[in-house]
Structure formats: structure tokens, C-alpha cells
Amino acid sequence: MATPTPLLSLNAAESAGSYESGVKLDRFSYDDAVVRKFVLATVLWGVVGMLVGVIIALQLAAPYFNFGHTPFGEYLSYGRLRPLHTNAVIFAFAGNALFGAIYYSTPRLLKTPMFSRLLSNIHFWGWQAIIVSAALTLPLGITQGKEYAELEWPIDIAVVLIWVVFALNFFGTLATRRERHLYVAVWFYIATVIAIAVLYIFNNIVMPAGWLKSYSIYAGSQDAFMQWWYGHNAVAFFLTTPFLGLMYYFLPKAADRPVFSYRLSIVHFWSLVFIYIWAGPHHLHYTSVPEWASTLGMLFSVMLWMPSWGGMLNGLLTLRGAWHRVAADPILKFYVVAVTFYGMSTFEGPLLSVKSVNALSHYTDWTIAHVHAGALGWVGFMSFGMAYWLAPRLFQTGTIAKPNWVGLHFWLGTIGMLLYIIPIYAAGLTQGLMWRAFNAEGFLQFPDFIETVTILIPMYWFRVLGGGIYLVGAILCFVNILLTWARRPKVYDVPVFEAAPLAKGYRAHPIPGSSLPKGIVLDVAHKLDVFGQLNWHRKWEGLPLLFTIFVVIGVVSASLFEIIPLFTRTSDIVRIKTVTPYSPLELTGREIYIAEGCANCHSQMIRPMRAETDRYGEYSKPGEAVYDHPFLFGSRRVGPDLARVGKKIPSALWHLRHLNLPTDTSPGSIMPSYPHLVDKAMDWSRITANVNAMVALGVDYDEATVRDAERLAKEQAKKIADQVVAEAGPNGMEDKQVVALIAYLMRLGTDLDKPVDVAPAVAGTDMGEPIARHDGANLSPSGSQHVGGE
């Protein structure tokens with residue numbers, strides 16, 4: 001009869017309270033079947049996600065890999081595949097890894113099986129169904145267009161339902177536990193379950209316009225804030241806290257050493273819970289989001305540095321006395337490098353949040369290198385290390401099938417990772433410096449954006465090489481796990497464990513090692529040193545409901561302190577009279593822009609910096625995006641900013657040629673071609689439903705526009721098609737999808753130039769009486785609210 005290891009033997013504090021003598025022991029076994037499924041899914045989806053990553057890296061180095069002029073090019077372009085890559089590696093690879101870790105460690109830490117095997121299996125199969133639905137819809141262009149939140153509303157509902165199943169199973173296990181104290185890993189799991197539920201639900205509230213189309217209820221700067229409140233904290237609570245829980249469980253297990261510091265783990269945990277949630281707006285420095293919000297995000301980001309490094313040191317120092325084993329054990333190598341990259345990423349993140357650094361790094365490949373250092377080094381290596389440690393135990397084979405391959409995988413992953421991130425760091429610095437460079441006469445030294453693209457191609461090829469090597473390592477892991485699975489016994493042994501139920505009249509023991517020398521003064525000091533003793537926290541660890549409530553307070557209060565002012569301070573987003581809703585055709589063109597993933601490469605946010613205003617035009621204002629559901633500020637510039645492209649390039653034929661074959665107008669361009677937009681007919685029947693959805697969101701279309709949306713769209717399409725012909729272009733464009741996208745692009749940046757008192761009811765048409773829009777101040781380009789600035 002096996003007996004589980006006491007929970008806190010992983011911790012420096014080993015006492016778990018006292019039990020009544022003579023209590024009858026409960027008998028139980030753990031459900032390792034669902035963990036096996038999650039581990040196999042982890043390595044499978046890891047290969048898929050990384051393969052797509054290598055493909056899109058190839059597309060940036062050599063754009064013909066977009067296959068634009070092939071029958072399937074529409075579905076294989078960079079803009080379609082990039083969100084597939086991010087969703088696959090985040091929600092499929094990392095998601096299955098963290099679920100496998102939680103389903104393995106939580107029962108053993110709490111000395112009880114998971115609450116419901118049925119719920120465990122619903123969770124597993126439901127999550128795989130969500131992943132498959134994402135893999136089908138994203139290449140089809142079915143997307144909300146928000147980074148890390150692309151999935152459309154029916155899939156979002158499925159995600160929430162499966163998360164509820166997971167939460168019921170997890171908290172049900174806490175309620176039926178046989179171990180009083182919650183070990184530190186469980187704290188991080190609690191934070192993950194709570195925070196992701198809050199973040200995912202409130203960022204993904206939308207107005208449906210059909211089964212496969214919806215619009216965010218937020219608009220412009222407010223939508224940008226909500227997105228990066230979610231986006232940054234999705235990294236925090238999906239890719240950080242659960243993997244820290246994984247670290248606190250699997251690293252001590254693999255090293256056979258207790259966690260270095262119980263006190264440090266407390267500081268680490270609560271600092272992340274109460275500070276991390278504030279940091280999201282630092283992604284929006286110098287944008288039209290209010291400056292107070294991004295400054296607040298920066299301050300809290302900087303504060304995150306020390307507690308994050310406390311967690312890193314807690315992990316590395318856990319190996320004290322076991323460093324000699326690292327040289328011989330490749331699993332420990334994975335963990336050491338992973339924790340080191342966690343430290344590097346959590347230093348660089350606060351650094352990039354500082355305004356002066358962010359002014360250089362934002363929109364460049366520096367951010368891409370930073371993200372991949374964390375993703376490949378921290379998340380990837382922790383997941384691989386866990387999979388290798390679990391496989392022989394789950395499949396009951398004694399050892400991994402190919403032990404030598406584990407070490408080979410480690411070196412392939414490390415070399416591949418370095419070959420990836422070092423050139424991309426160089427690419428990011430090159431971009432940022434070239435964008436800001438002025439010559440001796442005071443003009444932009446590189447006025448043609450394409451100059452800042454072509455110089456990066458050699459670095460992009462190094463990324464392909466590094467990513468390919470990392471992928472080879474992932475394939476080795478997948479094959480190794482499969483070979484180990486193939487050696488499994490015909491019938492798995494199911495050990496039965498014994499443990500006493502929770503004792504009545506429980507009293508927490510003091511923290512070991514907290515005693516001080518005797519003496520009156522020292523005795524008084526000892527009694528006053530409540531933080532040093534941490535006995536109060538020991539009590540919380542035995543009260544999971546109270547513990548969870550404090551986590552909820554930390555997540556929700558920090559969120560509301562930022563969200564409420566942003567949505568109630570009308571002075572932060574001043575309306576501009578000349579900014580009017582998109583015409584029905586422009587709205588359709590905007591949907592095509594989103595579906596094709598153009599926001600993955602182009603920003604629509606000119607920052608108030610001379611280098612940007614000289615290159616792109618007048619800086620962007622908060623009032624310009626009040627009708628943008630969703631916002632399209634972007635987070636990267638593979639191509640130039642498009643906020644004023646309609647003013648800079650008013651030629652319909654130029655846009656047609658550029659979309660059909662980008663190098664026709666921009667030699668050296670790495671943009672995908674979109675011939676399918678030139679060939680495919682418009683679906684006019686969707687236009688009215690889309691306009692109605694916008695009306696439901698409060699966009700002030702007049703009755704005539706809503707009633708005649710389809711007719712107005714066709715009329716505007718005919719005008720643009722006639723302009724193409726007048727510019728010596730082809731005939732017959734009026735019913736093609738490309739004309740809607742051209743209408744949208746030609747609208748961008750033109751609102752500020754409209755006369756104040758003759759703004760039409762719907763921009764882009766001749767319909768409606770001339771009226772002055774909005775009650776807010778009339779802001780001319782020279783008198784507009786200045787947000788950010790150098």
C-alpha cells in the first residue's frame with residue numbers, strides 16, 4: 001500500500017497540522033489517464049504550433065511562401081496563419097501543458113483524486129475541440145481581429161463553458177482535500193483559474209452580427225485599453241502563474257530538494273497577484289490612450305521586476321546542493337534554462353515598459369524577440385522538462401524510451417532559441433534606429449519604409465534557421481514520448497493510497513525556523529514580528545475560500561481602479577466633429593482588412609514624435625477611433641503605418657495594383673499578395689446586418705443609411721470602380737471584394753481634413769443633411785488633445 005509524500009515536504013515548512021489519532025484512513029487512487037492525454041496533446045500541438053511558426057518566419061524572409069497566386073493562397077497568407085500560430089502555441093501547447101501539470105500535481109498535493117473524472121474528460125475533449133475549431137476558423141479569416149483574442153463568439157462561449165468545467169473540478173478538489181495546507185503551487189493555480197475567467201469574459205464581450213461575425217462592444221482607445229489589460233495579463237495568468245506553479249512542484253521533485261524559501265514564495269505570489277494586473281497599459285505608450293493610464297502601467301511594470309526575480313532566485317536556489325546533478329540530468333538542464341529565461345524576460349519586460357525605451361522598441365521586432373525569449377525559453381523548456389519527467393511515470397516504463405534524445409533536444413532547443421532571438425533583437429534595434437534617423441539637413445535619412453524592411457531579410461533567415469532547429473527538437477520530444485507510450489504495459493497499475501481526512505479542531509503550527517533567542521526584549525520583538533513569522537499566512541493556507549477571495553480582490557480591484565476612470569472621464573477621449581461613422585462599404589472593407597490579418601503587420605496609430613509625423617502625417621487623436629469596433633492600433637510594423645494612408649495615397653488604382661501584387665508598386669515588399677480579393681465577388685447580403693450590429697453598439701447611423709445600406713454600398717463601389725478605370729485600370733471591379741478594402745483604405749486619415757460644418761451623416765457617401773457632429777470641442781489638427789509626446 002503506497003502512501004503519498006506529505007504535501008509540505010516540497011516546502012521548507014514541513015508541518016501540516018495535527019490529526020486525531022485512531023482516525024480511519026481513506027483509500028483512493030489518482031486519475032493519471034487524463035494527465036496522459038494532456039501530455040500527449042501538449043507535445044502534439046507543440047509540433048503543430050511551432051511548424052506554423054516556421055512557415056510564417058519563411059513568409060517574412062521570402063514572401064513567395066505566402067502562396068498568394070495559388071488556389072489555396074487565400075488561406076495560407078501570413079495574416080491568416082500568424083494568429084493560428086499564436087493560438088496554437090499559447091492555448092494548445094501551453095494550455096495542455098498547464099492543464100496536465102495541474103491535473104497531476106493538485107491531487108497529489110491535496111491527497112485526493114480530482115473531484116470528477118467526468119469533468120476531467122469533458123475538460124480535455126472540450127479543450128481539444130476548441131483548438132480544432134480555432135485551427136479551422138482562423139485560416140478562413142473568421143476572427144475578431146484582437147491579438148490573442150481572435151476567436152469568434154461561439155468559440156468564446158465554448159472556452160468559457162470549458163473553463164467553468166475546469167474551475168468546478170479544481171475547486172471541488174480543494175473542497176474534498178485531505179491535506180489542510182495549500183502548497184505554493186496550488187496558490188498559483190488558484191490565481192490562474194480566477195484571473196483568466198475575469199480577463200477572458202470581459203475582454204470578449206461582443207455584439208454578434210451573425211454566427212461567424214461580431215463586433216467588440218468597446219471602441220477605439222477604450223477597446224485598446226481592454227485588449228491590453230487582457231493581452232498582458234493573459235501572459236501573466238496563462239503563461240506565467242501556472243508555469244510558476246509547475247516550477248514550484250516539478251523542479252523540487254526533479255532535484256529532490258525542498259523549495260529554497262517559503263517566505264520568498266509568499267512575497268513572490270502576492271506581489272504578482274496585486275501588481276501584475278495593473279501593468280497592461282504600458283503597451284500603449286504614446287498612443288491615443290490617456291497618458292495617465294500608460295504611465296500607471298509603466299510604474300507597476302517596473303515594480304514587478306523585484307518580486308519576479310525573487311521567484312527566479314527561489315527556483316534556482318532550490319538547486320542548492322544539487323548543482324552537480326544538473327550536468328548529468330537533461331531534465332534539470334531544461335528547468336535551469338527555463339527559470340533563467342523567466343528571469344531575463346521579467347527584467348526585460350519592465351525595461352521595455354519605460355517610456356524612453358518603449359519609444360524605440362515599440363512596433364519593432366525587439367518586442368518579437370522579447371516575447372519569443374519568454375515563450376521558447378520559459379514556457380517551452382518548462383513544458384518539455386515536465387513532459388520528460390512525467391512520461392516514464394505516467395506510462396509506467398521506468399525510463400524514457402530514448403534517454404540520449406533528451407539531452408540532444410536540450411541542445412537543439414538552446415541553440416535554436418539563441419539563433420532565433422539574437423538576430424531578431426538586432427533586427428528590432430535596426431528598425432527602431434532607422435525609423436528615427438535624420439540626416440544633416442534635418443530630413444528623414446530613410447524616408448522610404450521599404451529601406452527598413454529589406455535590410456532585415458538576412459536576420460529573418462537566421463530566425464528561420466533557429467526556429468527550424470527548435471522545431472526539430474520539439475519533433476524529437478514528440479517521437480520520444482510516443483515511443484515511451486508504445487512501451488506501456490497492457491494494463492496500467494493503479495496504486496491505492498491511504499490518507500486521513502481533515503482533522504477537526506485544526507490549529508496551524510508555527511513556521512519552522514521562526515524562533516528567536518530568548519530574552520524579554522527579543523521575546524517582545526518576536527511577538528511583534530508578524531510578517532517574519534508568517535503564521536497569519538499559514539492560517540490562510542488552510543482556508544482556501546478565504547485565500548481565493550483575497551485573490552479575487554487583488555485581480556478585480558486593480559482592474560476597476562483603471563477601467564472605471566477610463567470609461568467615465570469624458571475629457572480623456574474628446575470627440576471630433578468631423579469624424580463620422582464608416583460608410584456601409586467602408587465598414588465591409590474594414591472587415592476584410594481584419595479577416596486578412598492586415599493589423600498583424602500594419603499599425604494605425606501615429607505617435608506624437610517628429611520621426612513619425614514626418615513619415616506618416618499628423619499624429620493620431622483619441623476622437624478619431626470612436627467608431628472603431630475593434631480598435632486597430634496594431635502592435636508591430638512589418639509594413640508602414642496606415643492611419644493617414646487615404647490622404648497620402650488617394651489613387652484607387654495604386655491600391656488595386658498593390659493588393660494584387662505588392663512588388664508592382666513597392667519593389668522589395670514582403671507583403672503577401674491578395675489576388676483572391678480581385679477575383680471574388682462581394683457578398684452584399686451581409687452589409688445590412690453589419691450596419692445593424694453597429695447601430696446596436698450605439699454608432700449613430702441615420703435611418704436612411706440603415707435602410708439603404710446595401711444600395712449605398714453598391715453606389716460607392718461603382719464610384720471607386722469608375723475611378724480605377726479613369727486611372728487606366730481594369731473594368732468590372734464594382735462587385736469585387738477588393739473595392740470594399742480600397743474604400744476603407746482611402747477613408748483612413750481623411751476625417752481631420754473635412755470642413756467642420758459640412759460633415760456628411762455617413763462618411764464616404766453624399767447622403768444626409770450637412771450637420772456638425774458631436775457636442776465635444778472641435779479639435780483641429782493643430783489644436784487636438786496631445787496624448788503622450790516627446
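**Ground rules.** I am reading a predicted model, where local features need pLDDT of at least 70, side-chain atom pairs count only at pLDDT 80 or more, and totals for chains, interfaces and linings use all residues. Residues are numbered from 1 along each chain as its sequence is written, and side-chain values use heavy atoms, with hydrogens and water left out.

**Entry: the whole chain.** I looked up the secondary structure and found 31 helices and 4 strands. Helices (H or I, at least four residues) and strands (E, at least two) are DSSP runs, numbered from the N terminus. The chain has 790 residues, and 62% of them are buried. For my own reference, buried means under 20% relative accessible area, exposed over 50%, and partly exposed in between, with a 1.4 Å probe and protein chains only. The chain exposes about 29500 Å², with carbon and sulfur atoms supplying 67% of that area. Such areas come from the Shrake-Rupley method with a 1.4 Å probe, and for residues only the protein chains shown count as cover.

I also looked at contacts, meaning heavy atoms within 4.5 Å. Among those between residues at least 6 apart in sequence, 83% join residues at least 24 apart.

**Entry: back to Leu58.** Leaving out residues up to four places away in sequence, I see Leu58 touching Phe65, Trp461 and Val464. I also checked Leu58 against Gly467: they are 409 residues apart along the chain, yet their C-alpha atoms are separated by 9.9 Å.

**Entry: Phe225.** Is Phe225 buried or exposed? I noted 1% relative accessibility, so Phe225 counts as buried. Phe225 sits in helix 7, residues 220–238. With residues up to four places away in sequence set aside, Phe225 touches Pro281, Leu284, Glu562, Ile563 and Leu566.

**Entry: the largest pocket.** I found about 800 Å³ of space in the largest pocket. Its lining has 39 residues, and His602, Pro640, Leu642, Trp654 and His658 lie nearest the centre. Helix 1 turns up again here: the elements giving two or more residues to the lining are helix 1, helix 3 (78–110), helix 24 (610–616), helix 25 (645–648), helix 26 (652–660) and helix 31 (737–747). Helix 26 gives the largest share, 4 residues.

I jotted down how pockets are found: on a 1 Å grid over the protein atoms alone, a pocket is an open set of points where a 1.4 Å probe fits, with protein on both sides within 12 Å along at least five of seven lines, and lining residues have an atom within 4 Å of a point. Grid points are joined across faces, edges and corners, and the volume is the space filled by probe spheres set on the points.

**Entry: salt bridges.** How many salt bridges does the structure hold? I have 28 on record, each being a side-chain nitrogen of Lys or Arg within 4 Å of a carboxyl oxygen of Asp or Glu. In one of them, Glu612 pairs with Arg637, the closest N and O atoms being 2.9 Å apart. Glu612 lies in helix 24 and Arg637 in the loop between helix 24 and helix 25, so this pair ties together parts that are 25 residues apart in sequence. Both partners are buried. Arg637 also meets Asp641 in a salt bridge (3.5 Å, N to O), and Asp641 is buried too.

I then looked at Glu618 and Lys621, whose side chains form a salt bridge at 2.8 Å, N to O. Glu618 is partly exposed at 27% relative accessible area, whereas Lys621 is buried at 2%. I also noted a network of salt bridges linking Glu74, Arg80, Glu596 and Lys680.

Entry: Most residues other than glycine have a negative phi, and most peptide bonds are trans. I found that the bond from His629 to Pro630 is cis, with omega near 0°. Pro630 lies in the loop between helix 24 and helix 25. Lys111, which is not a glycine, has a positive phi of about 55°. I located Lys111 in the loop between helix 3 and helix 4 (117–137), and Lys111 is buried at 11% relative accessibility. Ala728 has a positive phi as well, near 70°, and is exposed at 70% relative accessible area.
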